[in-house]
Amino acid sequence: MEQSTNQGTTANHTALLGRIALRTSQIPWKFWAIALIIVSGTVGFAATSMLLRLPKSPQCVRIFWPIASASKRIYCAQVEAEQGTVDSFLRAINLVEALPSDHPLRNEINRNVEEWAVAILDIAENEFQRGKLEGAIETARRVPENVQVYGLIEERIEKWRSIWGEGEEIFAKVEEELRKSNWNFAFREAVNLLSVSNKYWATTRYDDTVNKIQLAQEESRRLDDAYRVLRRGGIDNWLKAIADAEEISSESYAYQEAQNLIADAKEKISDHIDGLIDARRWSSLSDVVNQLPDSLALSEEIADWRTMASAGLDAQTGTVENLEIAILGLEEIDEDRPLYQEAQDLISRFKLEVQDVTNLQEARNLASGGSIDDLNAAIATAEMVPSRNPRYQEARQEITQWTTTIQLREDQPILDQARSSAAGGSLSDLRQAIAQAQSIGSGRTLHNEAQKEIRKWRVTIQRKEDQPILNQAIALGAGKDYDAAISAARQIGSGRVLYQEAQNNINKWQREIRAQKNLQEAYLIAQPQTPQSLVSAISVVRKIPSSTDVSYRAKQALDRWSFQLLSMAQRMANRSLLPEAVKLAKMIPRDSAAYGSAQTQIKAWNKSLRPAKPQIPPSLVPENQFVPILDTEGSDNTP
C-alpha cells in the first residue's frame with residue numbers, strides 16, 4: 001500500500017513537470033532553476049521513504065545477510081524496530097550499522113539509529129519509573145557506544161540513583177518515626193514521597209507506606225486496648241492482654257512493643273503466682289496454672305507450679321500423713337528446674353508443720369471436752385506453736401476462738417443481770433445496771449456490747465433528769481418570761497442528751513428579746529417625727545425577724561412610718577421642692593405598704609422635672625422634611 005502511494009506521488013510530479021514545460025515560454029529561466037532543485041529533492045525524498053517504509057514481509061527471517069542489499073537491511077531493521085523491545089531495537093541497529101559509513105543513505109540511517117537508541121533509553125526510563133532501578137540501569141547500558149545518546153547514559157544512571165536514594169532516605173525516616181510510634185510525623189515524612197521524581201516512589205511506595213502507617217496505627221490502638229486490659233489486673237485480664245498482643249505479627253512496627261507487653265504480663269502472672277504460693281492459696285494456684293497457654297513458653301514453670309499446687313492441697317488437709325505426701329511430691333522437682341528453690345522452701349515449711357499439726361491436733365482434742373478448764377488447757381497446748389512456724393496463724397485462730405468461747409461463758413451472765421436490773425426503769429435501777437455492765441473489761445468479747453447498753457442507759461438517765469428542767473423553761477418562754485426561761489434551760493450542761501434542744505430554745509428566746517429591744521429602740525428613734533428619724537426607725541425595725549412574736553407590730557410600725565415619709569414628700573412637692581420630694585420618697589422600703597404609691601409619685605415628679613422640648617414653627621421647616629411631633633411626655637411620635 002505504501003509503495004503504490006509513493007508511485008502515485010512520482011507520477012504526479014511527472015505530470016507537473018509536463019504542464020510546466022508547456023509554459024516555458026512564459027516563465028523566466030531563474031524559476032526553472034528553482035523548480036529543478038525542488039523536483040530533485042522531492043524525488044530523492046520519495047525514494048528514501050519507499051526504501052524505509054517498505055511493507056512488512058516474512059522474507060526477513062530467510063535473508064542471508066552477508067549478501068543482503070542495503071534496502072533489505074534498512075527494511076528489515078525498521079520491521080525489527082517496530083516491535084518496540086530493547087532486543088528488537090538492538091537487532092535493528094546491528095542490521096543497519098553493518099552498512100558502510102559512506103553509504104548514500106547513511107544520514108537517514110544514523111538518524112534512525114539515534115531514534116532507536118533514544119527509544120532504548122526511554123524503555124529504561126519506563127523501567128525506572130516502574131521501580132526497577134537495576135533493570136533500568138542494565139537496559140540503559142545496552143545502548144551501543146557509537147551513538148550520540150550513549151554519552152548521556154551514565155548521567156542518566158546517576159540521576160536515577162540520586163532520585164532512588166532520595167526515596168529510600170525518605171522511607172528510612174518514615175520507618176524511624178514508625179518505630180517510635182510517631183504516626184503524625186511518619187505521615188508527614190511519607191507525604192514527601194509524592195515529590196520524588198519517580199512514579200514508583202510517588203505512587204506505589206507512597207500508597208504502601210500510607211497503608212503501613214495506617215496498619216501500624218491500628219495495631220498500636222489494639223495494643224493500647226491490651227495495655228488498658230493489662231492495667232485492670234487479674235489473671236483473666238493478663239491472659240487476654242497476652243492473647244491480643246500475640247496477634248501482632250513479627251513484621252509489624254508494633255511487634256517489639258507487643259513483646260514488651262507480653263513480657264510485662266508474664267512477669268505479673270509470675271508475681272501473682274508467687275503471691276498465691278506465699279499465701280498458701282493452693283486451690284487458686286491450681287486454677288490459675290490450668291488457664292496458662294502454651295504460648296507463654298513457661299512449660300517447666302507450669303509443671304512445677306502444678307506440683308506445688310497439688311502438694312499444697314495435700315498439706316492443706318492438716319494431717320501428718322498428707323503433709324508427708326506433699327513433701328514427697330515436692331521432692332520430685334529436680335535441682336535443675338526453675339522452681340527448685342521454692343520447692344525446697346516449701347519442703348522445709350511442711351516439715352515444720354508436721355510437729356505443729358501434732359500439737360494443734362492435741363489442743364483440738366482437749367477443747368472437744370467443752371468445759372472452761374478444757375478450753376484453757378487447749379489454749380495452753382496451742383500456744384506451744386512458735387511464731388516462726390507455718391501453723392502459727394492457724395494456732396492463733398484456734399486460740400482466739402476458744403478464748404472467745406470462755407469470755408462469752410463468763411461475761412454473758414453479767415450482761416444479762418445488768419439488763420434485768422435496767423428493766424426496773426428507775427434511776428437507781430439504771431445506775432445499778434451501768435455498774436454491773438462496767439465490770440466487763442476492755443478487750444473482752446462482750447465489752448463493746450456492754451458499752452452500747454451503758455450508753456443507752458445513760459441517755460435514759462439524762463433524759464429523766466433534764467426533761468423536767470427543759471419543760472419548765474419552755475413553759476416560762478411560752479409566758480413571755482424569756483430571761484427566766486433562758487436561765488432555766490442553761491442548767492442543762494454540754495454533753496447532756498437534751499443539751500442541743502435546750503440551746504435551740506435559748507437561741508429562739510434570745511431572738512425574741514432582741515426583737516423587742518429593736519422595736520422599742522425604733523419607737524424612741526421615730527418620736528421626733530422628722531424625715532431622718534423616721535428613716536432611721538425604719539432601718540432598725542426591718543432587722544426584726546418575721547419569725548418573732550413582735551414581727552406583726554414591727555410591720556405595722558414600718559407601714560405607718562413609710563406613709564408618714566410619703567406624706568412629707570408630697571408636702572415638699574406641693575412647695576415645688578420636687579428633687580427633695582423624690583429623694584425622700586425613694587427612702588421608702590420595698591417591703592412597706594406605701595412603696596407602690598411612692599413609686600407612682602416618683603414617676604410623676606420626675607416627669608415634671610424634665611424640661612419640655614422646643615417646638616419648631618412650621619414656617620421654619622423645609623418642604624418635604626419630616627419633623628417629629630412631641631407628645632406631652634417628651635417622647636418622639638415617629639411613624
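Predicted model: local features only at pLDDT ≥ 70, side-chain atom pairs only at ≥ 80, totals over all residues.

Residues are numbered from 1 along each chain as its sequence is written, and side-chain values use heavy atoms, with hydrogens and water left out.

The structure holds six aromatic pairs, where rings of Phe, Tyr and Trp (its six-membered ring) pair if their centres lie within 6.5 Å, and planes under 30 degrees apart count as stacked, over 60 as edge-to-face and the rest as tilted. Two of these pairs are set out here.

| Pair | Centre distance | Plane angle | Type |
|---|---|---|---|
| Trp164 and Tyr200 | 5.7 Å | 5° | stacked |
| Tyr523 and Trp561 | 6.0 Å | 85° | edge-to-face |

Trp164 in helix H7 (residues 153-179) and Tyr200 in helix H9 (residues 199-232) are 36 residues apart, and their pair links distant parts of the chain; helices are DSSP runs of H or I with at least four residues, numbered from the N terminus. Trp164 is buried at 12% relative accessible area, and Tyr200 is likewise buried at 19%, where buried means under 20%, exposed over 50% and partly exposed in between (1.4 Å probe, protein chains only).

Tyr523 belongs to helix H21 (residues 499-526) and Trp561 to helix H23 (residues 551-574), so their pair ties together parts 38 residues apart in sequence. Tyr523 is partly exposed at 26%, whereas Trp561 is buried at 3%.

Phe128, Trp160, Trp164, Tyr200 and Trp201 form one aromatic cluster.

Key. Helix = DSSP H or I, 4+ residues; strand = E, 2+ residues; numbered from the N terminus.
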